[in-house]
Amino acid sequence: MNTFSNEEFDFSFLEEGFTARDVLEQKINEVSLSDDKDAFYVADLGDIVKKHVRWFKALPRVTPFYAVKCNDSKAIVKTLAILGAGFDCASKTEIQLVQSIGVPPEKIIYANPCKQVSQIKYAASSGVEKMTFDSEVELMKVARNHPNAKLVLRIATDDSKAVCRLSVKFGATLKTSRTLLERAKELNVDIIGVSFHVGSGCTDPQTFVQAVSDARYVFDMGAELGFNMHLLDIGGGFPGSEDVKLKFEEVTSVINPALDKYFPADSGVQIIAEPGRYYVASAFTLAVNIIAKKVMVTEQTGSDGMYNQFCYNCTNFV
């Protein structure tokens, strides 16, 4: 195993037979012998590479734009940039991070439907043109501060079966979408596509099917109003580990037929997604130091017996 360091990370190239688990256990042994017992994590970049290969095998028509908010480790961003991924940024800081390693602006989508004016101006000065919106207020902000923006209308989905529901905050209804498209036409703002997010930790792949169908409906609205829409963003919600009921390929086996039905390969529509946990959930292992252990002896109500309760206090989560 060969190891080298820079100011941010210790990197190890593993020889055949070694695993990330071996590195973790070795590091635990080293830390246990020192006075510095702070928490640390081990990231398996090879796992991320495998996930990237797996992505294109399962979703050959969909280009991943990694959701930086999920894990903004520069090692992850650099790895995915080398692999050719795009990036979903939600703030000025994330745009700066991604561009600091040489990612061109056309590989960035500013996917935040509620942006500060100062950050819209920063995106404009940095050449980042693709950004999402879902309200007239946001449309007006962009029209005033980023006239060259290429907007993507985010629509609401039925994310009732997701672990983290996002449509309670973000996304326009189909009825509102027409109003927003008409207003964008009046403001001479370029609308290039539609995005949606079925919620983080989606447990029902049929949600994607309905969302893709709704996106097609909005594309048709846009065509009626004279917009040349050519980008579909199917968001995130993809599982990133195997200890879940719904596996990644079970989700993609439902998405692909929907894409072929509503946005066939010859439609000229570019399809992207915003995977986050998909790439990093299984790649990172966190080790923490148990700083105290206390035995609680408590009488059980209605019983002469006793039981011990162990309390563990873990700190310094990274």
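Two residues are said to be in contact when heavy atoms of the one lie within 4.5 Å of heavy atoms of the other. With this meaning in place, the surroundings of individual residues can be described in the structure, which is a predicted model.

The residue H52 belongs to helix α2, which spans residues 45-58. When its neighbours within four places in sequence are left aside, H52 is in contact with P64, L80, L83, A85 and Y279. With one of these residues, Y279, the side chain of H52 also makes a polar contact through the side chain of that residue, at 2.8 Å. The relative accessible area of H52 is 7%, and because a residue counts as buried under 20%, H52 is classed as buried.

If residues up to four places away in sequence are not counted, I271 touches R61, V62, T63, L232, I234 and L259. Among these, L232 stands 39 residues from I271 along the chain, yet the C-alpha atoms of L232 and I271 are separated by 4.8 Å.

The packing of two helices was examined next. Two packed helices are described by the angle between their axes and the distance between the axes. For helix α4 (residues 92-100) and helix α5 (residues 117-125), the axes come within 10 Å and cross at roughly 20 degrees. Since angles under 35 degrees count as roughly parallel, α4 and α5 are roughly parallel to each other, and the crossing of α4 and α5 is left-handed. On the side of α4, the residues that meet the partner helix are K92, I95, Q96 and Q99, while α5 contributes Q119, Y122 and A123.

Attention then turned to backbone geometry and to the residue N188. Most residues other than glycine have a negative phi. N188, although it is not a glycine, has a positive phi of about 60 degrees. This residue lies in the loop that runs between α7 (174-187) and β10 (190-195).

Conventions: Residues numbered from 1 in each chain as written. Predicted model: local features only at pLDDT ≥ 70, side-chain atom pairs only at ≥ 80, totals over all residues. Heavy atoms only, no water. Axes fitted to C-alpha atoms, helices over the stretch in contact; angles between N-to-C directions. Helix = DSSP H or I, 4+ residues; strand = E, 2+ residues; numbered from the N terminus. Parallel < 35°, antiparallel > 145°, perpendicular 65-115°, else oblique. Left-handed = near helix turned anticlockwise from the far one by under 90°. Buried < 20%, exposed > 50% of the residue type's maximum accessible area, 1.4 Å probe, protein only. Polar contact = N/O pair within 3.5 Å; in protein donor to acceptor, adjacent residues only side chain to side chain.
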